[in-house]
Amino acid sequence: MGHTDKGDGTDSVERHLDLPRIFAERGISRRDFMKFCTAMSAVLALPVTLVPKIAAALEADGRPSIIWLEFQSCTGDTEALLRAANPTVGEIVLDVLSVDYSETIMAAAGHQAEEARMKTLKEQKGKYIAVVEGAIPVKDGGIYCCIAGKSALDIARDVCGNALATITVGTCASYGGIPAAAPNPTGAVGVKEAVPGATVINLPGCPVNTDNLVATVVHFLTFGKLPAVDGKGRPLFAYGKRIHDNCERRPHFDAGQYVEAWGSEAHRSGHCLYKMGCKGPETFHNCPIQRYNEKTNWPVGSGHGCAGCSEPQFWDTMTPFYKRLPNVPGFGVETTADKIGTGLAVATAAAFAAHGVVSAFRRKDEPEREKEE
Amino acid sequence: MGNLSEKYVWEVPVRVTHWVNMVCILTLSVTGLYIGAPRTLALTPSEYVMGWVRFVHFVAAYAFAISVASRIYWAFRGNRYARWQEFFPILTREGRWHMFETFRYYTFLSRQIPHVTGHNALAGTAYAVVFLLYLVMIVTGFALYAEHAPQGTLHTLVGWMFALFSNQGIRLTHHLTMWLLIAFAIHHVYSAWLMDVKEKGGVMSGMFGGYKSVRERN
Ligand code: HEM
Ligand code: SF4
């Protein structure tokens, strides 16, 4: 947490920062910063004329604190944020947001850590942002995930219930994700389901795309409110379009060029992964545009079909990942819809052919006489 | 035994929607099969094989939906053979008796060929089920179609589908129901032929010209 040296009377507040100095210390020029603001306006689909407003909002005082909670998760979302090769502007923006509590990255441990959380909770009630990573188990009183003797459910009620807003990062926190996969032994659910009263914005995906997380925060800092969301509580700027409709392999889909086997010529030539079970046609996310790891690549770009990870219950509904359609309930795993359909058609034809043969030999059928009604 | 005479049974809207439906279902099934299990037919990405197949699917889909909607409208406006009551014989006692008689004939338990002017009771019931399948196809199809514009009007109309069912479930239903319709088509052509030949009812030719032969009472 940096202190300002402007001495304008507000330096008693810890959050008063000299962002330009912090950036300078970390080797980020003013130009880089403005580039970042422009990139953010692009992610959020805002006009370029708003870039100065974004910059001003980021440099202004009074940024909210963040409490980053982690429950049933793989820490992939924290990793996505921290594993950037260089400290990105986005990371610093989150950093200066005062991450008061985060199990993975905080220096404090044990009671000290819990105290930090309680302090923010008390002092900043209704003013901090909660970021939640991981699902919340609610079965058996929520005993399947406890931190410092408190269940995830209780912590979430406490922290998310009193937050200005809660951002769920990753599919588990948004909808239960992998811990909630059938048969969901711990009764895992997403934050909105666990704490229905909380103001929640969902950023699902495995992991969350850091750009989208930072953009959501930037939107909040710039406009003082959360971005518009779709029916599943996801911001439209990031989840408003289907992967399939922005995919770089789409020309091959429309042309009719499909990968039929891994490692084939078609696969190496970047043809469409539709037949390999790609779930891009049913998944809403901006992966093809934002990409991961500082825009290096994304699953379909690197030759693997989309697994639909940003959709609720993806583990149950998008599987099998390497087949286009789900298995038909009640039939063997290898039975496809088409096998069943062909069987049905053949059986129908056979039944009626047999009926036809019998009919042909029954010559004495009589049309109904006298129809008295 | 009564003499056969011609009677105007199937009105124009009934016949037109019938044949539009047939052409559409054929087109939709052929294109749908390709959409479901495409082959690589293009040599360069500048071709548009899947694009055109989907385009034809969607055009036929609109034609089909309009045709089905018109037929449903006609079920309330048309003559007694086109009316909705024809499709639910199960609702009346007499209808149930007809269903039973027809069933006995089709399973060779009876030699009495039931003769009715409109649909026979079993056929009427089957068509009610088929119309249900049509509606399933239309609703699931438009739901899948709406996904390209999740903020669009169409999506608003069918969005409830996604709240009730998983996306993949909708896809699978759309795919499997096609096979039910294909099985129905096989049965349908066969029994229409059977009725034309055996019952001399003229259902098949009737769908072209509108006239069916009816037996006059002595
Ligand atoms: C009798 C009527 C129809 C038949 C037999 C039929 C058949 C099919 C089949 C077999 C598929 C492939 C499904 C898969 O494996 O994923 C399909 C896809 C599709 N159908 Fe139909 N369909 C019919 C009516 C409709 C209607 C009324 C619509 C409405 C717009 C429609 C829209 C679609 C869409 C959007 C897809 C997915 C295409 C894609 O994602 O590229 N279908 N259809
Ligand atoms: S690879 Fe997947 S998302 Fe891309 S065009 Fe093919 S089916 Fe669509």
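The shell around ligand 2 comprises nine nonpolar, two polar and two charged residues, where Ala, Val, Leu, Ile, Met, Phe, Trp, Tyr, Cys and Pro count as nonpolar, Asp, Glu, Lys and Arg as charged, and the others, Gly among them, as polar. The model is predicted: local features need pLDDT of at least 70, side-chain atom pairs count only at pLDDT 80 or more, and totals for chains, interfaces and linings use all residues. Residues are numbered from 1 along each chain as its sequence is written, chains are lettered from A and ligands numbered from 1 in the order in which they are written, and side-chain values use heavy atoms, with hydrogens and water left out.

Ligand 2 is surrounded by 13 residues, each having a heavy atom within 4 Å of the molecule. The closest are A:His244, A:Cys247, A:Cys272, A:Leu273 and A:Cys278. At least two shell residues come from each of helices H12 (243-246) and H13 (250-255) of chain A; helices are DSSP runs (H or I, at least four residues), numbered from the N terminus.

Ligand 1 lies between chains A and B. Its 23 surrounding residues have A:Arg324, B:Arg54, B:His57, B:His174 and B:His175 as the closest. By class, the shell around ligand 1 has 13 nonpolar, seven polar and three charged residues.
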